[in-house]
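I opened the notebook to go through one structure, site by site. Entries follow in the order I looked things up.

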Amino acid sequence: MERLDIEKKLKKELDKERYRHTLGVMYTAASLAMAYGVSMEQAMYAGLLHDCAKCIPNHEKLKLCKKHKIPVSKMEESNPFLLHAKLGAYLAQENYGVKDKEVLHAIQVHTTGEPGMGILDKIIYIADYIEPNREKAPDLNEVRRLAFQDLDQAMVKILSDTLDYLKKGGGDLDPLTLKTYHYFTNQ
Ligand code: FE
Ligand code: FE
């Protein structure tokens with residue numbers, strides 16, 4: 001599908017705020033792609049579609065995953081919102097015609113990251129966190145500056161802030177987030 005057609009379809013699938021965030025991630029990912037000399041096209045498609053499954057009701061997410069044989073962990077079973085990444089990658093392929101494996105992978109790992117993640121994966125993970133409509137995370141100015149200086153340092157900062165937030169009761173911790181943090185800090 002053309003990017004513009006995807007935008008139109010997403011506008012119907014997502015609530016207002018999520019759509020606004022989606023465009024923010026798309027353009028932030030495009031800027032990071034410019035800064036790091038990777039494909040802007042890939043970054044924009046991945047940014048645009050990263051949350052395409054976000055506004056599906058949780059019980060529906062679980063149902064869809066089971067229907068399409070997407071594996072659901074215990075953690076995801078009790079926190080179905082986590083599934084929007086995997087399910088999003090599936091829907092990007094099936095409903096939005098994305099064939100690019102790197103784009104699909106970036107969507108798939110955008111919530112937890114993953115050890116060994118590639119540059120496009122990092123760009124989407126970071127863009128999701130720093131896009132201009134975000135305001136709640138600590139030290140956002142610093143993370144935003146870091147993002148355009150060093151992707152790996154930005155990853156460490158975001159992951160450690162995310163772990164802190166979750167430890168303080170912000171939600172359940174997906175073990176993959178911790179593994180990703182250890183990957184970037186070599187612990
Ligand atoms: Fe997301
Ligand atoms: Fe997002």
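**Entry 1: the iron ion (ligand 2)**

I began with the angles at the iron ion (ligand 2). They run from 80 to 172° among its 4 donor atoms, and the site is irregular. I kept in mind that this is a predicted model.

Next I listed the donors of the iron ion (ligand 2). They are His21 (NE2), His50 (NE2), Asp51 (OD) and Asp128 (OD), at 2.2 to 2.3 Å. I wrote their sequence spacing as H-x28-H-D-x76-D. I then placed two of them on the chain. His21 belongs to helix H2 and His50 to the loop between H3 and H4, so this pair ties together parts that are 29 residues apart in sequence. I checked accessibility too: His21 and His50 are both buried.

**Entry 2: the iron ion (ligand 1)**

I moved to the other metal. What coordinates the iron ion (ligand 1)? I found Asp51 (OD), His84 (NE2) and His110 (NE2), at 2.1 Å. The spacing of these donor residues in sequence reads D-x32-H-x25-H. Asp51 sits in the loop between helix H3 (40-49) and helix H4 (58-67), while His84 is in helix H6 (residues 84-94), so the two tie together parts that are 33 residues apart in sequence.

I then looked at how the ions relate. The iron ion (ligand 1) and the iron ion (ligand 2) are 3.4 Å apart. Asp51 coordinates both.

Are Asp51 and His84 buried or exposed? Asp51 has 1% relative accessibility and counts as buried. His84 is buried as well, at a relative accessible area of 2%. I noted the cut-off for both: buried means under 20%.

**Entry 3: salt bridges**

I turned to charge pairs. Side chains of opposite charge can pair when their charged atoms come close. I counted 10 salt bridges under a 4 Å nitrogen-to-oxygen rule.

I wanted to know which partner Asp51 has among the salt bridges. It is Arg18, with the closest N and O atoms 2.9 Å apart. This pair links distant parts of the chain: Arg18 is in helix H2 and Asp51 in the loop between H3 and H4, 33 residues apart. I noted again that Asp51 is buried, at 1% relative accessibility.

I then checked Lys63 and Glu60. Their side chains meet in a salt bridge, 4.0 Å from N to O. Both are in helix H4, and because they are 3 residues apart there, about one helical turn separates them. Lys63 counts as exposed, at 56% relative accessibility. Glu60 is partly exposed, with a relative accessible area of 27%.

Arg145 and Glu142 came next. This salt bridge is 3.5 Å from N to O. The residues lie 3 apart in helix H9 (residues 140-147), so about one helical turn lies between them. Arg145 is partly exposed, with a relative accessible area of 43%. Glu142 is also partly exposed, at 33%. I also found one network: Asp139, Lys157 and Asp161 are joined by salt bridges that share partners.

**Entry 4: the largest pocket**

I went on to the pockets. The largest pocket has a volume of about 1200 Å³. Its lining takes in 35 residues, and those nearest the centre are Lys54, Asp128, Tyr129, Arg134 and Tyr165.

Helix H2 (16-36), helix H8 (119-130) and helix H10 (151-170) each supply at least two residues. By class I recorded 10 nonpolar, 10 polar and 15 charged residues in the lining of the largest pocket.

**Entry 5: the second largest pocket**

I closed with the second largest pocket. I noted a volume of about 210 Å³. It is lined by 13 residues, with Glu76, Lys86, Thr112, Asp174 and Leu176 nearest its centre. H6 and helix H11 (175-185) each give at least two lining residues. H11 gives the most, with 3 residues. The lining of this second largest pocket divides into 5 nonpolar, 3 polar and 5 charged residues.

Definitions and conventions:
Residues are numbered from 1 along each chain as its sequence is written. Chains are lettered from A and ligands numbered from 1 in the order in which they are written. This is a predicted model: local features need pLDDT of at least 70, side-chain atom pairs count only at pLDDT 80 or more; totals for chains, interfaces and linings use all residues. Side-chain values use heavy atoms; hydrogens and water are left out. Donors are N, O and S atoms within 2.8 Å of the metal (3.2 Å for Na, K and Ca); water is not among the atoms, so sites may look incomplete. Helices (H or I, at least four residues) and strands (E, at least two) are DSSP runs, numbered from the N terminus. Buried means under 20% relative accessible area, exposed over 50%, partly exposed in between (1.4 Å probe, protein chains only). On a 1 Å grid over the protein atoms alone, a cavity is a set of points where a 1.4 Å probe fits but cannot get out, and a pocket is an open set with protein on both sides within 12 Å along at least five of seven lines; lining residues have an atom within 4 Å of a point. Grid points are joined across faces, edges and corners, and a volume is the space filled by probe spheres set on the points. Ala, Val, Leu, Ile, Met, Phe, Trp, Tyr, Cys and Pro count as nonpolar, Asp, Glu, Lys and Arg as charged, and the others, Gly among them, as polar. Four donors count as tetrahedral if all angles lie between 85 and 135 degrees; four count as square planar and six as octahedral if opposite donors are over 155 degrees apart and all others between 65 and 115; anything else is irregular.
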